[in-house]
Amino acid sequence: MGPRWQLGAPPTSPVLVIRGECDRVVPPQIAPKTAARYQQGTYVQVSGSDHLVFSGEALPVTMGLIDDWRRR
């Protein structure tokens, strides 16, 4: 049986990959490698955050990183 979904062409728009510094779910090398796969990929790390970069005390930091990235 083949895959249930197929990948389309990679995006040509900018891509932001975000990882929490203390994330124990995603291995640390995955996020920068993912960003590097895209022509306009950018990797940022949320200092002191775990996997939940869009929650709690990490949220304003994450949103600030996104805002900074959007301004580029």
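Me: Which pattern does the protein follow when read along the sequence?
Reply: This is a predicted model, in which local features need pLDDT of at least 70 and side-chain atom pairs count only at pLDDT 80 or more, while totals for chains, interfaces and linings use all residues. Residues are numbered from 1 along each chain as its sequence is written, and side-chain values use heavy atoms, with hydrogens and water left out. Helices (DSSP runs of H or I, at least four residues) and strands (runs of E, at least two) are numbered from the N terminus, and the protein has 2 helices and 2 strands. Read along the sequence, these elements give the pattern β-α-β-α.

Me: What is the radius of gyration of the protein?
Reply: The radius is taken over C-alpha atoms, and the globule rule is 2.2 Å times the number of residues to the power 0.38. For 72 residues that rule gives 11 Å, and the value for the protein is well over this, so the protein is more spread out than a compact globule. The C-alpha trace spans about 45 × 30 × 20 Å along its principal axes, and the radius of gyration is 14 Å.

Me: How many bridges join strand β1 to β2?
Reply: Two strands pair if DSSP finds at least two bridges between them. Strand β1 (residues 15–20) and β2 run parallel, with arginine 19 having glutamine 45 of β2 as its bridge partner and glycine 20 standing opposite valine 46. The number of bridges that join β1 to β2 is 6.

Me: What is the relative accessibility of valine 46?
Reply: Valine 46 lies in strand β2, and leaving aside neighbours within four places in sequence, its contacts (heavy atoms within 4.5 Å) include Ile18, Gly20, Val53, Ala58 and Leu65. Valine 46 is 27 residues from arginine 19 in sequence, yet the two are 6.1 Å apart in space, C-alpha to C-alpha. Valine 46 counts as buried because its relative accessibility is 1%.

Me: How many of the residues of β1 are buried?
Reply: Buried residues make up 24% of the 72 residues in the protein. Strand β1 is largely enclosed by the rest of the structure, because the buried count among its residues is 5 of the 6.

Note on methods. Buried means under 20% relative accessible area, exposed over 50%, partly exposed in between (1.4 Å probe, protein chains only).
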